[in-house]
Amino acid sequence: GKPFPAEPTNMDYIFYRLYRMYEKHGDPPCLSAVIHLCYSLGISLGIAYFAIKEWYDLQHKEAWFLEGLYGLYFMLVPLCLFILYCSIRYRKRKIPALKKKYQGCVRNKLITDWMIFCIPVYIAVIGFLIFYKMGVA
């Protein structure tokens with residue numbers, strides 16, 4: 001297969017690797033992969049939420065769009081849209097095409113399963129570094 005596909009399909013590749021990993025362990029692969037991706041997105045949204053809030057505090061302004069229910073919407077709406085996107089994009093008929101596309105990919109040898117599994121940890125570390133650089137942490 002091609003070493004790196006031409007179109008920007010990094011999320012497809014990550015989904016494929018998570019799907020394959022969960023399938024090997026006997027978990028429901030599609031559901032588990034989507035939950036894992038949502039967990040990563042949720043951590044990213046949490047980091048964005050607190051970074052935006054902190055930035056507004058540094059500017060001595062109120063982030064009204066993050067207060068009360070709006071803050072909840074800030075987290076839930078993107079997560080729900082992402083779940084909807086994944087349920088449309090990764091239907092059962094799409095999985096064989098992903099397997100065929102990425103089965104012989106060079107990245108499979110370069111990137112191990114544990115590296116893919118740790119994506120939420122990488123995101124959390126980057127978030128901590130952002131807050132550390134801002135002087136919050």
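Author: Contact here means heavy atoms within 4.5 Å. Leaving aside neighbours within four places in sequence, Asn 108 is in contact with Tyr 13, Tyr 16, Arg 17, Arg 20, Tyr 102 and Gln 103. The model is a predicted one, in which local features need pLDDT of at least 70 and side-chain atom pairs count only at pLDDT 80 or more, while totals for chains, interfaces and linings use all residues. Residues are numbered from 1 along each chain as its sequence is written, and side-chain values use heavy atoms, with hydrogens and water left out.

Asn 108 belongs to helix H5, residues 107-110; helices are DSSP runs of H or I with at least four residues, strands are runs of E with at least two, and both are numbered from the N terminus. Because its relative accessibility is 15%, Asn 108 counts as buried. Buried means under 20% relative accessible area, exposed over 50%, and partly exposed in between, with a 1.4 Å probe and protein chains only.

The structure holds 13 aromatic pairs, and Tyr 13 with Tyr 16 forms a tilted one, at 6.3 Å centre to centre and 40 degrees between the planes. Rings of Phe, Tyr and Trp (its six-membered ring) pair if their centres lie within 6.5 Å; planes under 30 degrees apart count as stacked, over 60 as edge-to-face and the rest as tilted. Tyr 13 also has Arg 107 over its face, at 4.3 Å from the ring centre. For such a placement, NZ of Lys or CZ of Arg must be within 6 Å of the ring centre and within 35 degrees of the ring normal.

The wider chain gives the setting. Its secondary structure comes to seven helices and zero strands, and buried residues make up 34% of its 137 residues. Among contacts between residues at least 6 apart in sequence, 73% join residues at least 24 apart; the C-alpha atoms fill a box of roughly 55 × 30 × 30 Å along the principal axes.
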